[in-house]
Every structure is written in structure tokens, then in C-alpha cells.
Amino acid sequence: MQISYLFIPMNSSKKIKTALISVFHKDGLDKILKLLSNNGVTFLSTGGTQSFITSLGYECASVENLTGYPSILGGRVKTLHPKVFGGILNRRDNATDKEEIAKFEIPEIDLIIVDLYPFEETVASGASSADIIEKIDIGGISLIRAAAKNFNDVIIVASKAQYQPLYDCLEENGNCSTTIEQRRWFAKEAFAVSSAYDSAIFSYFDQEQPSALRIAVSQAKQMRYGENPHQKGTFYGDFESMFEQIHGKEISYNNLLDIDAAVNLIADFNETTFAILKHNNACGLASRSTVVEAWKAALEGDPVSAYGGVLITNKEIDECAATEINKIFFEVVIAPSYSAQALEILEQKKNRIILIQKSNKVNPTQVRTILNGVLKQDRDLHIEKPEELKQVTTNAINPEQIEDLLFANKIVKHSKSNAIVLAKNKQLIASGIGQTSRVDALRQAIEKAHSFKFDLNGAVMASDAYFPFGDCVEIAHNAGVNAVIQPGGSVRDNESIDYCNANDMAMVFTGIRHFKH
């Protein structure tokens with residue numbers, strides 16, 4: 001927890017005298033209870049939490065005894081009562097408030113520890129609508145908002161993630177007291193919990209006809225800077241749930257962009273594959289029987305651009321592969337695991353970022369800010385299968401070509417539009433990316449392939465969108481390409497088909513465009 005202590009008013013310290021505790025997650029609560037009890041704090045609670053507190057040997061009054069009402073409506077109403085909320089919301093320095101709580105015999109409550117029904121988990125479990133609705137918390141969310149609003153006098157702990165920060169504060173301050181800065185920090189964290197909770201509920205009800213966008217991500221990490229040093233940057237998300245960083249410097253904003261591109265690309269490949277990325281695009285990629293062979297073939301695709309790149313594979317990196325990889329400079333390497341010998345080699349460079357990918361579960365939607373608003377779309381997760389390919393030429397594709405065509409199509413799907421990919425024997429030969437015309441993208445790819453002495457005879461070509469004219473297949477044919485995969489859909493598709501038929505080229509349509517901007 002990071003709290004500013006630049007200015008602490010003399011009267012900002014408040015001693016906790018009474019705590020209301022009602023939680024599902026009890027791990028780590030015992031040491032807090034012990035600390036509070038040792039400092040004479042009185043406990044209030046309900047149901048299972050009260051039983052837990054008394055089982056540890058502490059006295060604990062029931063909320064029912066305070067309010068004079070039992071839990072009713074199947075547990076829907078427990079704490080919603082003036083004697084509870086008056087105790088939380090009364091302003092200690094307000095004379096009228098003090099008179100009223102004295103008149104109605106309302107005790108001051110200084111600490112609230114509460115968590116919320118697991119709404120998102122219930123939705124994710126596939127539960128019935130009735131069960132989901134019952135997991136919309138009412139009392140808990142009300143306690144959180146009340147205590148957070150009155151942070152001047154009350155401290156709120158709204159999730160188990162704040163158990164340790166609370167304990168640290170109380171132990172450091174002594175006498176179970178808190179400062180205004182600490183209470184304001186906990187209030188901020190509490191409103192983060194409540195806003196995320198409400199966002200999840202809204203999103204559940206708003207599924208059919210989206211009317212507004214609500215996004216809540218609980219974790220934030222400040223970057224050294226954004227895309228460039230003069231820009232600020234922050235990552236919101238749980239990076240550690242997907243990766244374990246076992247070596248290297250702090251990950252940058254641009255590193256994260258490349259890591260995201262790499263993870264999404266490699267997820268489309270099942271056989272042993274190695275990819276090298278620069279600026280979110282693959283500059284080298286190959287599938288082979290071993291990791292070291294896949295690495296060597298990937299590097300051949302563009303050994304110049306590989307310098308300073310991000311590397312990723314879907315199999316363990318062993319000593320042999322690490323020895324070869326270590327011969328070049330790169331920023332990041334990602335793999336599901338590494339042998340001990342491989343790590344000894346790769347860790348020789350102190351700044352080299354080494355990541356273990358623990359999960360490939362990425363958000364199924366994409367969001368980006370534009371103009372004065374936000375665009376949201378489904379992530380492009382479609383992977384073409386052999387049975388989906390539509391043969392449109394008289395010259396049929398053979399099994400080897402099918403493998404290469406699908407291989408190339410996976411790469412072009414993850415390349416900036418306009419994009420063309422040339423591949424051969426499950427190796428990326430060259431790509432033309434981010435061009436304003438498809439012809440320029442193709443010429444860029446051909447020129448690059450020739451610069452690295454690749455023979456394009458027998459190569460295949462993939463395009464992320466249809467060819468508006470027949471010029472691309474003609475240029476590709478003259479370079480040695482003999483098979484093409486593209487979405488199709490142009491009003492002039494026949495120009496490309498006719499050229500292929502006249503020159504013994506094979507072409508298939510997928511019917512799926514893969515623009516990436």
C-alpha cells in the first residue's frame with residue numbers, strides 16, 4: 001500500500017473502538033482479530049462470521065441484538081437498519097449527529113470489514129438466472145459505500161486484498177488508530193471494489209443490447225513511460241496470472257504490446273513453433289519437429305529485424321535451443337518452461353526479460369479509445385480449417401500446399417494491414433505489412449525474400465483481404481508462387497481466378513477477412 005504522508009492534521013488519528021465484521025473470506029482475519037482484541041476493540045457481526053469470531057475465543061455481539069430484528073427474507077436483510085448505518089455515517093465532530101445517536105442509542109462503529117457475494121464467479125459458473133440474482137449483494141455494498149463516504153471517521157476494508165494493509169497500518173500506528181490519509185486510501189480502494197462490482201452486474205444485464213460500456217480492472221501498474229519517453233503509461237490487469245517473470249529488467253509499455261501480439265500469434269499453432277516479433281508483427285516464424293530447428297528456421301526469415309525482438313515458443317526451451325538463441329540480442333523470451341541448463345545460458349544477460357507463460361487466456365474482446373469515445377469488438381479468434389477452404393481454380397491444391405497455406409494464413413491474420421505473407425515448408429519467408437496498397441505489400445515481401453536469398457519457387461501467398469484486381473496473383477506468379485489463400489469477395493475475383501487458371505496456379509477462398517489495424 002502506498003499512502004502519502006506529506007500532511008497529517010493533528011486531529012486526523014482515530015482510535016478504533018467498535019468493529020463490524022461480516023465476511024466470506026476468513027483467511028488472514030484471525031491475526032487482525034487478535035490485534036483488535038488486544039487493544040480493547042468491541043466486535044459486531046452476523047451469522048458465520050460471528051461464529052468464527054467466537055470460536056477463536058473473542059466476545060462478539062450480534063447485529064440482530066443491536067437492531068432488534070433478526071435476519072429476514074432469506075438473509076436478504078441483515079444489516080440494513082438505522083442503528084447500523086447511523087453508527088457508521090454519524091460525523092463525530094457534528095453536534096447534531098452526536099445528539100441524535102445519543103437519543104436513539106446508536107453506537108459509533110469505527111471499522112467495517114466486509115466482502116461481497118461472488119457475483120462474477122456465479123455468472124462464470126453457468127448458474128441459473130435466479131442464483132445469479134441472489135448473488136447481487138445489497139447489505140455489503142451499502143456498508144462499503146457508507147463507511148467509505150465517512151472516511152473522515154471510519155475505516156473500511158472491502159475485500160480480503162486489504163487485510164494485510166489494514167494489519168500493517170494498525171501495527172505500525174499502535175493503539176489500533178488510523179490516520180486520515182490511511183482511511184482515505186482504504187475508502188478509495190473500497191469504491192474501486194464497489195464500482196467494479198456494479199460494473200459486472202450492469203454488464204450481465206446489458207448483454208443482449210449493449211447500451212453503455214463499463215470496464216473495471218482492479219490492478220494498475222505504472223510504466224516507466226508510455227510508447228515514448230514523453231508519454232505517461234499505465235497497465236491495468238493481472239500480468240502475474242498469465243506470466244512469471246524469472247529474470248530481467250522491468251517490462252515496458254512497448255514490451256507489453258509485443259508480448260500481447262506474440263501470445264495471440266503463438267496461440268494459433270499446435271505443433272512446435274517459434275516466432276520472432278518486432279513492433280507487433282512477426283518477422284520470423286517456423287514450425288519444426290524441435291524447438292532449436294524451429295528457432296533456426298524462424299531466424300532465417302529475417303535475421304536483421306530479429307535484433308532486439310520478442311521471442312516466443314509453445315514448447316520448453318532446452319539447452320540446445322538456448323545456446324542458439326543466446327547468440328543474438330533480444331528483449332524478451334517467452335516459453336511455457338525452460339530447462340535448468342537453458343536458464344543458466346539465457347540469464348547471462350542481466351536485462352534480458354525471461355517469461356514463463358502460465359496461461360493463454362486472453363480477453364475475448366478488444367477495446368480501444370478513438371476520438372471522444374471507445375470502440376469495442378470481439379477478438380479475431382477464427383482459425384481456418386482445411387474443410388473450410390473453397391477451391392476456386394481448376395488446378396487443385398495438394399496436401400503440402402494446404403499445410404503451407406493455412407500456416408501462412410495464421411501469420412497474415414496477426415499482421416498489420418494491408419498484409420501479404422509468403423511461406424514455404426512451414427517457414428515464414430517474408431511478409432509485406434502495413435502498406436497502403438496490397439500490391440505494395442506484395443512487392444515489399446518479394447523484395448525482402450530476395451534480399452535474404454530465398455527461392456520463392458513453390459512458395460505460397462496469403463492475403464488478409466481480397467485482391468481487388470488480378471495484378472497481385474500475376475506478380476506473385478512471376479516471383480515463383482504457385483498457390484494462394486485469400487478471403488475472396490471482390491466484384492473482380494474472376495480476374496484473379498482466370499489468371500491462376502491460365503498459369504497453373506491453385507487458389508482457395510476462405511470467406512473470412514482478417515484486417516488488423
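A: With a relative accessible area of 11%, Q401 is buried; that word stands for under 20%, exposed for over 50% and partly exposed for what lies in between, with a 1.4 Å probe and protein chains only. This is a predicted model, in which local features need pLDDT of at least 70 and side-chain atom pairs count only at pLDDT 80 or more, while totals for chains, interfaces and linings use all residues. Numbering starts from 1 along each chain as its sequence is written, and side-chain values use heavy atoms, leaving out hydrogens and water.

Q401 belongs to helix 16 (residues 399–413). Helices (H or I, at least four residues) and strands (E, at least two) are DSSP runs, numbered from the N terminus. Setting aside residues up to four places away in sequence, Q401 touches A396, N482, A483 and A506, where contact means heavy atoms within 4.5 Å.

Now for the charged pairs. Side chains of opposite charge can pair when their charged atoms come close. The whole structure holds 14 salt bridges, each a side-chain nitrogen of Lys or Arg within 4 Å of a carboxyl oxygen of Asp or Glu. R438 and D464 form one of them, their closest N and O atoms being 2.4 Å apart. This pair links distant parts of the chain, 26 residues apart: R438 is in helix 17 (residues 438–451), and D464 is in the loop between strand 21 (460–463) and helix 18 (471–479). Both partners are buried, R438 at 8% relative accessible area and D464 at 0%.

K221 and E250 also meet through their side chains, with 3.9 Å from N to O. That pair too joins distant parts of the chain, 29 residues apart, from K221 in strand 8 (residues 220–222) to E250 in the loop between strand 10 (243–247) and helix 12 (253–266). Here K221 is partly exposed at 38% relative accessibility, and E250 is partly exposed at 35%. E324 and K327 form a salt bridge as well, with the closest N and O atoms 3.2 Å apart, and K327 counts as exposed at 59%. R92, E108 and D110 are linked in a network of such bridges.

What about nonpolar surface? L213, I215, V217, Y236, V367 and V374 make a patch of about 540 Å². Patch residues have over 30% relative accessible area and no salt bridge, with like charges joined within 9 Å and nonpolar side chains (Val, Leu, Ile, Met, Phe, Trp, Tyr) within 5 Å; areas come from the Shrake-Rupley method with a 1.4 Å probe, and for residues only the protein chains shown count as cover. V367 sits in strand 16 (residues 365–370) and is partly exposed, at 41%.

Strands pair if DSSP finds at least two bridges between them; strand 2 (residues 18–22) and strand 3 (residues 42–45) run parallel and are joined by 4 bridges. The bridge partner of I21 is S45 in strand 3.
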